[in-house]
Amino acid sequence: MSASVGNFSLWLSLCFAIFQFLISRKKNNRSVLKFNKIAVNGLLLCVLVSFFSLMYSHVISDFSVVNVFQNSHTTKPLLYKISGVWGNHEGSMLLWILVLTIFNYFIYKLYNQKNFTFISKSLEIQAIITIGFLLFTIFTSNPFERMIPAQVNGLGFNPLLQDPALAIHPPLLYIGYVGFSAAFSFSIAAMSINTEEKISWYSYIKPFVLTAWTFLSAGIAFGSIWAYYELGWGGWWFWDPVENASFMPWLLGTALVHSLIAVEKKKSLQSWVLLLSILAFLLSVIGTFLVRSGILTSVHTFALDPARGIYILVFITLLGGYSLILFGIKSKNFLNKHYFSFFSREGSILVNNVLMITVCASVFLGTIYPLLVEAFSNNKISVGEPYFNSTTIPIMIPAILVMGIGPILSWNRGDATKIFGKSFPSILLTTVISIIFFCVYRPYNMLGLVGIILAFWIISNILLTLVPQLILKNKKFIQDNIPKYSNGMIIAHLGIGLLILGITGSSIWQKEKITRMKVNDKTEIHNYNIIFKEINKITGQNYLALQGNFWVYNKKKNIIAELKPENRFYPVANNSTTEVSIHTNLLRDLYIVLGEGDINEGWVVRIYYNPLVIWIWIGAFMIFLGGLFSIKSNLKFIKRLTL
Amino acid sequence: MKKQLLIFPSIVFFFILLVFFYLLIIDRDPTELPSVLIEKKAPRFEAESLLDDKKFISTEEFANKTVIVNFFATWCKPCREEHPYIKRLSNTKGIKIIGINYKDNPQRTIKWLKELGNPYSNIAIDSNGQIGIDWGVYGLPETFVVNAEGIIKYRHVGPITKKVYNNFYSKVIANRE
């Protein structure tokens, strides 16, 4: 029943989307406003109904629906029945459409007397995107497809997906990807409408880009957390094509967020922002294509179906062809002769933009290089971590140096000699902290040292911008003489500093030990002694598990933790997973994985000593928080626009 | 000059799309792994035979006839899945199928074959996985087509299922004498 309702309202939403497209092209103000209200609200409502009917089918385990049958089981816990809605290809497309229509609704809300043509054009583009994805979902991946007769129970699910971090990872990512669709539509609209109409299109793009970027950051972070806790490989980033597919729009989003500031302040970089807005969304869709078409193999690959691939590719061709050719023709109207100094705030933004694009391009090249090679030579090659590390890290280093100094530069004028004076305190602070760090830890590793210095460089620059506001009591003096920084920037940049600290620590000084252990065996890793005390059988809600009990002692022979990694077997899915057990503090994680084995031979145990991992999560959280602050302050601005 | 550059993004874009289209349209399996052994002589080996007391000598087995070499084990679930298709292949005239029992227990294998049927004309026991290493086996099951001259013509990684059977069969027929 609910599936029929869902299917019907999915078709209905297609009608509303087509209606929105046709109406938005009309020139008559009043009727457009009236009918678009119906179209936008109807679309949102119908997609919501569809989405929740699918969720209902999953929750009540309606196995007459193919999607539920293939991806669920009665023994699955409720939370994962709900998140199971987007844990598969068809359902995740529905979630994608839902987020798209929510953004569509917010764009509609921006209508006022002055921006009629601009918003209408944006809604028209948004409708095209929505129609494209609705057609794709209905015809190639309909989540409401039925099967007769209905089955008694489902096929199960992938136990790796049974994890809270993964339950919220896709929705966050989709807010990111789809948020860029708004920027895409706005920039098409900006190029299509008459340039005589002075509309500050960049101010419309900014809150959407900030939202997309902020949630994309959080989405990527949750994906990494999941990989770290669930996969049991001791790492949190693997340069998998799908990780890259989320990282590339993030890089462009980062560039976009910053260049939008320059556009707002100085009206420079306008055509650059238009291009970035187009590319950020195109890359999001190309990412989807790479994952869903099965053209690349990846741990995330959902379904190998060339028909779907062809469909998305045709869609990308139309979308990208139209927008990029439009850009080629129209963007010259947005070029200006407003050149600026290298040593100014906008100069630093431009430098960072270029570096971000370069990183993005090299990640893109690495991701599709195996495909290019195969197309031209029929050989198969694999591009992995060494390529990505050796190309991205050297570009990131100058980017981070510039990032530290950028905020303290002033707009417009630049004076290279003054910069040194301004940054001298932070250079001093960075040196002092780095030396202290070096004396305590003695990290004899060049790259590690560079990472630590960069992290402290960002952190000390940010801390020093806070100092004047904290010491000086004279409010008037502060207002006149001290540059004002937004809370969002301060928090997010501090987050990046901590993130770099965590990334450096955990990737450079990680220690790994793989050994076979029987009960009562001992082993040691980095000043810790670990004893395998016992192993027990336990029964979970839908799995059986072997749970090892490891006692961890420090050098003083005090017990500091009892770690209980599990090796789980899910009978329904006929699949085993390892549940990692981790002891975390601010300096390091101890990470134990219980592998294959038996009572006579012992078990394969993998132990990792991962320094500073927690700072990655803290850093990512601060980036998210900083993003939220920025969204908040930009929403105020957009409210003023709509008055 | 600068204005002409603005069209550059669309050119790059269309080029990349062309590659994607090409790869989608051609008949291609992204999980397929090419082997450096293709068009080379099959590696020689000697091993215990599972079916009789004689030694298994590869040069004696790979002569005058197209041979399908199938690496399998009883512990490998996909091997059980592909077994009916291996049996179907064994009905093809003019070929024979050699099994390589990879890191397995012989008693269990004999029981397994009694239960499911034996399509193999001979089976070599690869108890320590050395044959697998010589043949560059990536994961079980894995199947090679060796022509009558003892040249490896084709390699398939993973089970021969309904989906890939016809493709595999055509490769076998193409290399039959």
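Let's start where the chains meet: 27 residues from chain A and 19 residues from chain B make the contact. Two residues are in contact if their C-beta atoms, placed from the backbone, lie within 7 Å. On the side of chain B that touches chain A, helix α2 (residues 8-25) of chain B gives the most, with twelve residues. That side of chain B divides into 16 nonpolar residues, two polar and one charged. Here Ala, Val, Leu, Ile, Met, Phe, Trp, Tyr, Cys and Pro count as nonpolar, Asp, Glu, Lys and Arg as charged, and the others, Gly among them, as polar. Helices (H or I, at least four residues) and strands (E, at least two) are DSSP runs, numbered from the N terminus.

A word on the model and its labels. This is a predicted model, in which local features need pLDDT of at least 70 and side-chain atom pairs count only at pLDDT 80 or more, while totals for chains, interfaces and linings use all residues. Residues are numbered from 1 along each chain as its sequence is written, and chains are lettered from A and ligands numbered from 1 in the order in which they are written.

### The cores

The largest nonpolar core has 160 residues, and A183(A), V209(A), L252(A) and I458(A) are those with the most contacts inside it. Helix α8 (residues 201-231) of chain A supplies the largest share of this core, 18 residues. Apart from it lies another core, of 31 residues, with I86(B), Y120(B), V137(B) and L140(B) among them. A nonpolar core is a set of buried Ala, Val, Leu, Ile, Met, Phe, Trp, Tyr and Cys residues joined through C-beta atoms within 7 Å. Buried takes 20 or more other C-beta atoms within 10 Å of a residue's own, exposed means 12 or fewer, and partly exposed is in between, with C-beta atoms placed from the backbone.

What does I458(A) touch, not counting residues up to four places away in sequence? The partners are I400(A), M403(A), G404(A), H493(A), I496(A), G497(A) and I500(A).

### Helices that cross

| Pair | Angle | Axes apart |
|---|---|---|
| α7(A) (residues 164-192) and α10(A) (residues 270-292) | about 140° | 8 Å |
| α7(A) and α9(A) (residues 241-266) | about 55° | 11 Å |
| α14(A) (residues 416-441) and α15(A) (residues 446-471) | roughly 135° | within 8 Å |

Angles under 35 degrees count as roughly parallel, over 145 as roughly antiparallel, 65 to 115 as roughly perpendicular and the rest as oblique. At about 140°, α7(A) is therefore oblique to α10(A). The crossing of these two, α7(A) and α10(A), is left-handed. A crossing is left-handed if the near helix is turned anticlockwise from the far one by less than a right angle, and right-handed if clockwise. Residues of α7(A) including F180(A), A183(A) and F184(A) meet residues of α10(A) including L274(A), I278(A) and F281(A). Sorted by class, the contact of α7(A) with α10(A) has eleven nonpolar, four polar and no charged residues.

Next, α7(A) and α9(A) are also oblique to each other, and α7(A) passes α9(A) in a left-handed crossing. From α7(A) come L173(A), G176(A), Y177(A) and F180(A), and from α9(A) come S246(A), P249(A) and G253(A). The contact of α7(A) with α9(A) counts four nonpolar, three polar and no charged residues.

Then there is α14(A) with α15(A), where the crossing is right-handed. Among the residues making this contact are P425(A), L429(A) and F437(A) of α14(A) and I452(A), F456(A) and W457(A) of α15(A). The contact of α14(A) with α15(A) divides into nine nonpolar, five polar and no charged residues.

### A few single residues

Most residues other than glycine have a negative phi, and most peptide bonds are trans. S61(A), though, has a positive phi near 55°. S61(A) sits in the loop between α2 (29-59) and α3 (66-71) of chain A, and is partly exposed, with 17 other C-beta atoms within 10 Å.

E39(B) is not a glycine either, yet has a positive phi of about 70°. Where does E39(B) lie? E39(B) is in the loop between α2 and β1 (46-49) of chain B. With 9 other C-beta atoms within 10 Å, E39(B) is exposed.

Methods. Axes fitted to C-alpha atoms, helices over the stretch in contact; angles between N-to-C directions.
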